[in-house]
Amino acid sequence: MSESTSARSAEPRPDEPEPIRAVPLRHPGRWISGAIVLIALGLFAWGAATNEAYRWDIYAQYLFDARITAAAWKTVQLTVLAMAIAVVLGVVLAVMRLSPNPVLRSVAWLYLWVFRGTPVYVQLVLWGLFPSIYKQIDLGIPFVHQFVHIDVQGLNAAFLFAVIGLALNEAAYMAEIVRAGITSVPEGQLEASTALGMSWSQTIRRTVLPQAMRVIIPPTGNELISMLKTTSLVAAVPYSLELYGRARDISGANFQPIPLQLVAATWYLAITSLLMIGQYYLERHYSKGLSRQLTARQLQALADAQNAPVTEAGKPTPKPGAPGEERI
């Protein structure tokens, strides 16, 4: 090719448009706001590290103290036991609210009205006063014969009363969460179950509740985390062997409330982080099949079944059909 020919080919044709020069849009405000936030965080961290009032030496001394770790384990026990009872009772209350029986509906509504309408701290105080209200509990045939006599005042069951108080309060909220999950299931599922000859209770157990878990799990995880923090109120029972109560007792002895409160906050944050991780995997388990997007393994299995390679778009290339064959 001659030099004149190459020069003519390099010259732009008059009928061709000039190439578009794409210039990315600049966002100086993002950089400025990000820099301001980072500077503010750095100043706060520097101030907290150099402030003698925090007493980081006391914080490090009590962070893994045996009394604190034992109190953290008691807090976990309170949370798990209370939440387990609340979930079971919440499911029962939700089913009662949706029951065609008017008595069951009224009793469930009354329960929710009482326990959601009064503060949890007041309820825990009443559970602490339970031995004064009911000094003895008799179990048997009313007005005929009593088989069991329980001396409530002789019981040293502050932990038990704390669990019961937290569970009964949380059950009212769990009942509404479960009811919302049940009502989210399409009515066609109930009609199909009825057509198969299932009773109302069988429909709830086998059809509705498994599908409602996708809606129930996220708010239940939030309630579990909230329950962990609500255990700090069981001092109203009174019960002081949980995390906040133990940190408060130690700070009352060494007159260092700030580092001990930071120790309690650190343990609460660590346990909450673990619960959030468990909630994530539980949500992912119950959300299977919700999205139409296939994974790489599912795409490869589909391609192998159709004996076709996977394209760049992520979908297998179908084999060409025979002449006259209908394609879907």
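Leu260 lies in helix α12, helices being DSSP runs of H or I with at least four residues, numbered from the N terminus. The model is predicted, with pLDDT of at least 70 needed for local features and 80 or more for side-chain atom pairs, whereas totals for chains, interfaces and linings use all residues. Residues are numbered from 1 along each chain as its sequence is written, and side-chain values rest on heavy atoms, without hydrogens and water.

Leu260 has a relative accessible area of 0% and is therefore buried (under 20% relative accessible area, 1.4 Å probe, protein chains only). Beyond its neighbours within four places in sequence, Leu260 is in contact with Ile58, Tyr62, Ile68, Ala247, Ile250, Ser251 and Asn254, contact being heavy atoms within 4.5 Å. The C-alpha atoms of Leu260 and Tyr59 are 6.5 Å apart, although 201 residues separate the two along the chain.

Helix α12 (257-286) also supplies at least two residues of the lining of the largest pocket, as do α4 (66-98), α8 (158-183) and α10 (200-230); the largest contribution, eight residues, comes from α10. A pocket is here an open set of points on a 1 Å grid over the protein atoms alone, where a 1.4 Å probe fits, with protein on both sides within 12 Å along at least five of seven lines, and lining residues have an atom within 4 Å of a point. The largest pocket holds about 290 Å³ of space, and among its 17 lining residues Val87, Ile217, Thr220, Gly221 and Leu282 are the closest to its centre.

Notes: Points joined across faces, edges and corners; volume = space filled by probe spheres on them. Buried < 20%, exposed > 50% of the residue type's maximum accessible area, 1.4 Å probe, protein only.
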